[in-house]
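Try each task before reading its solution.

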Amino acid sequence: MIAVRLLAALLGALSYLFINPATAFTNPIRRPGGSDPQIVYSGGYYYLMSTTWTNVQIARATTIEGLKTAERKVVYSSNVASRCCNVWAPETHYLDGTWYIYFTAGNKDNLDGQNLHVLKGENLHPMIAPIRSQRLTNEWSIDGTVVRFNQFGNYLAYSCFHGVQYQSLCIQKLGNDNASLQGSIGVISQPTETWERSGTPVNEGPAALYIQDTGKTYIAYSANYCWTPDYCIATLEWDGKTDPASATAWTKSAGCVFSGGVNGHYGTGHNSFFLSPDGSQTWNVYHATSNSKGACDDSRYTMVQVLGTKADGSPDFGTPVALSYDSAEPH
């Protein structure tokens, strides 16, 4: 199996030497306004989730390159003071035949009221939303994402301060309606390692990663403060058997698995993943900044590049590609 994977990786690498410009794209995909990006593929279209920090938007195109100029449709905005502003990290997930959008929102005066919310609809473009958004959490929480476990069901992972001093990763079971949370909150990762405490200790931006060949489930997350160049991606690996709300179920990577300081990119983090149309490739979508000191603002841009595989079957994130690099569209 490993030999087959290595051969496939070699053939894939060779194919990039003969890229047809008509079937290629260059990064960035969204600049400015490319922070906390997510892309999904469904029904012949790529959907890019984004925010202007006062709303949630969806753009769609038949190619990654096409997302650069695709029309953006607003699917959420609100005049309600508690959820009008600081709208962050929208993600869409298809669960039980229905599309859901999970996002962060709070007030305009400060970041103390950040909470997770959900929209529900039948279609993505345009999103058919309910009369109002539904609030998911009652304590500070941001960056919600769905993680699926066959024997345990669907969970929501997010960044939290639940009983801990520093911004950490929490996980909680989704209700049967996928628009509520149930059971206890589990804190599964805290920024205890020296390599995740730059600026201020932070764990945020979780994203589920499923490796088909090995059956492994990972949560990629962002470590360090975003106003530092050290903002990076690290991973948690699930043991495949323990309750995912238990911290003992997860093994943290030995350090950052994807970092900036390469090709003029810094603060490479808050990523997500999507499968190519034929299901043979996993793609990494992340934001970066050209500011060598790091950035948390709208200068961040969206990058897309294919995820590799190491000889042991674990994910190989590689390094951030140059903006001049012609990448073949997903298979």
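Buried means under 20% relative accessible area, exposed means over 50%, and partly exposed lies in between. The model is predicted.

**Exercise 1.** Is Phe274 buried or exposed? Then classify Trp283.

Solution. Start with Phe274: its relative accessible area is 4%. That is under the 20% cut-off, so Phe274 is buried. Next, Trp283 has a relative accessible area of 0%. Trp283 is buried too.

**Exercise 2.** How is the pair Phe274 and Trp283 arranged? Find the cluster that holds both rings.

Solution. The planes are 10° apart, and the pair is stacked. Centre to centre, the distance is 6.3 Å. Ring pairs link Phe274 and Trp283 with Phe25, Tyr41 and Tyr46 in a cluster.

**Exercise 3.** Which ring does the charged end of Arg60 sit over?

Solution. Look at Tyr45: the charged end of Arg60 sits over its ring, 3.9 Å from the ring centre.

**Exercise 4.** Where should the coordinates not be read in detail?

Solution. Begin with the average pLDDT, which is 92 for the protein. Of the residues, 91% score at least 70. Residues 2-11 have pLDDT below 50. Residues 13-18 stay under 50. Where pLDDT is low, predicted coordinates should not be read in detail.

Key:
Residues numbered from 1 in each chain as written. Predicted model: local features only at pLDDT ≥ 70, side-chain atom pairs only at ≥ 80, totals over all residues. Heavy atoms only, no water. pLDDT = per-residue confidence, 0-100. Contact = heavy atoms within 4.5 Å. Phe/Tyr/Trp six-rings, centres within 6.5 Å; stacked < 30°, edge-to-face > 60°. Buried < 20%, exposed > 50% of the residue type's maximum accessible area, 1.4 Å probe, protein only. Lys NZ or Arg CZ within 6 Å of the ring centre and 35° of its normal.
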